[in-house]
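Load the model and keep the selection panel at hand. This tour moves from one selection to the next and says what is there.

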Amino acid sequence: MLKFKDYEYKRPDIEGYKKEVRMLLEQFKQADNVQGQIDVMGVLIQKYKDFETMSELCYIRNTIDTTDEFYDKELEFMDEVLPEVEAITTEYYKTILSSKFRSELESKYGTLLFTKAENKIQTFDDKILDDLKRENKLSTEYRKLIASAEISFDNKTLNLSQLTPYRESDDRDIRKRANEAYFGFMKNNRSELDRIYDELVAVRTTMANKLGYDSFTELGYKRMERLDYNQDMVKVFRNQVRDYIVPICNELRERQTKRLKMDGLKYYDENYRFLSGNPIPKGDPDWIVSKADKMYKELSEETDTFFKFMRERELLDLVTKKGKAGGGYCTYIANNEAPFIFSNFNGTLGDVTVLTHEVGHAFQVYSSRDAIVPEYNWPTSESAEIHSMGMEFLTWPWMDEFFLEDGDKFRYVHLEEGLQFIPYGVSVDEFQHYVYNNPTATPDERRAKWREIENIYLPHLDYDGYDYLETGGFWQKQAHIYEMPFYYIDYTLAQICAFQYLVKSLENKEEAWTSYLKLCKAGGKDTFLGLLKLADLESPFKEGTVENITKVIKAWLDNVDDSKF
Ligand SMILES: [Zn+2]
């Protein structure tokens, strides 16, 4: 059995790839029966998987060791050729869409492949190629500006993420100063952050207009492959959040204030939850993984087989080390049918949630690895996060293994954070609708709008007179707003669905698992609403869903005596 370290990387021959694909597409057009086209599609899909496998290996190995010069160069190569691969994929889509055997192909591969292909070609045209490059360049400018932060704090020079522990310190004065240092960086760079965003909004609007859309909003939805819901439905969801979740979050903040024995929470107090600190896993990384072995063995036969598969092939890189990139992710190496999990364990509560979260993604892609086309390996992002956030809740009974006497404390903070995230998430979404539906708004008008939105969804916020935040600057720290427009509501929609798995599993564990397994096996074979139906989950867009789910969540939270934490 091959282990991850033995998976061989070879730089793809991109010119050869393009030539071969074009030749195959010609053969596809010439085929005089459907079987002929199916045979060619099989070869084309394998060619694509070969490229994707190399591109993923390159990405993974670069993030494991960003100082490795070999993979650094290879990544540069991949970044360069990616637009060319995209262009050739678009050609492939156009070819299959105009097949003379289209309806036979649809019964073989499913209509969704063709809907996705149609959607994809509506978001791309050669005439926006330069605009796309410009958009990428501006996103990179934002990322570099954020990464360039050098902040003097605690006699050290720190970047923004290194400030995090200080921003959550149990010393209130340190928390306050660290937050002011963090947002002070944003404030000092406000005009540059405004300029970059202005230009991003302009270039995105230009692309939308060139492609025949009134605003970027429509194009943004298409880029996110939202095939069965629209702006109006998202608005219905946001209104439910305002009516049913915001009041509960206000109550939770009051409880937190009491727990902390304070007069009122300032913005820098919000992530400080307990006088005794957050719960932490009671062992080192190897211990955590051995507990995970036990957990996945007990959870189900399927997760047992899966987790052994991952461990035996060494498809997990979990512990933080020098040179490793930040964050956590799960990806998929097509030719080896192998998911890969990456994280940065650092001794906090997040070590356990990142593991269960990424295992949720990995278990889904593993369960749907026999998908007939690569387009069905993963669902769209609002659905994909159900697998990950759902797994976080389905593993609740085992949290005592990781946190020992703090199991209840973990479950409390996990649920509290999950609920409190939603109003912020919909704020980010509503803001972007305003921005792209009003592309000529000035930076000051945008700031005023952000503040107005905060007052609706996050009314408890107290910025303690800090002018940059009082005047609506907070959103400039949210990378998604700059780099991945409209990618945010996804997390909140998925959270509502993941809560349903918590509720289901509290009522009937077996039923909850059966539904979850069905959802994982389906992978990306259906759209968001189609997948919800398949797994028997309520749509967050439907009036009443948010109210019904949060009622149960609130009852659970109310039942906990948090004064003992
Ligand atoms: Zn995720």
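Start with helices α1 (14-30) and α2: each supplies at least two residues to the lining of the second largest pocket. Helices (H or I, at least four residues) and strands (E, at least two) are DSSP runs, numbered from the N terminus. A pocket, on a 1 Å grid over the protein atoms alone, is an open set of points with protein on both sides within 12 Å along at least five of seven lines; a cavity is a set where a 1.4 Å probe fits but cannot get out; lining residues have an atom within 4 Å of a point.

Two notes on the source. This is a predicted model: local features need pLDDT of at least 70, side-chain atom pairs count only at pLDDT 80 or more, and totals for chains, interfaces and linings use all residues. Residues are numbered from 1 along each chain as its sequence is written, and side-chain values use heavy atoms, with hydrogens and water left out.

**Stop 1: the pocket**

Select P12, D13, D50, F51 and M54. Among the 14 lining residues of the second largest pocket, these lie nearest its centre. The pocket's volume is about 310 Å³, taken as the space filled by probe spheres set on the points, with grid points joined across faces, edges and corners. Helix α2 makes the largest contribution to this lining, five residues. By class, the lining has four nonpolar, four polar and six charged residues. Here Ala, Val, Leu, Ile, Met, Phe, Trp, Tyr, Cys and Pro count as nonpolar, Asp, Glu, Lys and Arg as charged, and the others, Gly among them, as polar.

**Stop 2**

Axes are lines fitted to C-alpha atoms, for helices over the stretch in contact, and angles run from 0 to 180 degrees between N-to-C directions.

Now colour the strands. The sheet is open, with three strands in the order β3-β5-β4 and mixed pairing. Two strands pair if DSSP finds at least two bridges between them. The edges are β3 (316-319) and β4 (329-333), each pairing on one side only. Neighbouring strands are turned by 15 degrees against each other on average, direction ignored.

**Stop 3: strand β4**

How many bridges join β4 to β5? Five, and the two strands run antiparallel, with β5 at residues 338-345. Pick out C330 opposite I341, then Y329 with its bridge partner F342.

Next, colour β4 by accessibility. Five of its five residues are buried, so the strand is largely enclosed by the rest of the structure. Buried means under 20% relative accessible area, exposed over 50%, partly exposed in between (1.4 Å probe, protein chains only). Y329, T331 and I333 cover one side, C330 and Y332 the other.

**Stop 4: the cavities**

There are two cavities of 30 Å³ or more. For the largest, select E225, L227, T380, T527 and F528, the closest to its centre of 14 lining residues. About 70 Å³ of space lies inside. Its lining divides into five nonpolar, three polar and six charged residues.

Finish at the second largest cavity, about 40 Å³. Select I248, E251, L252, R255, K554, L557 and D558, which line this cavity. Helices α11 (231-259) and α24 (545-558) each give two or more of them; α11 gives the most, four.
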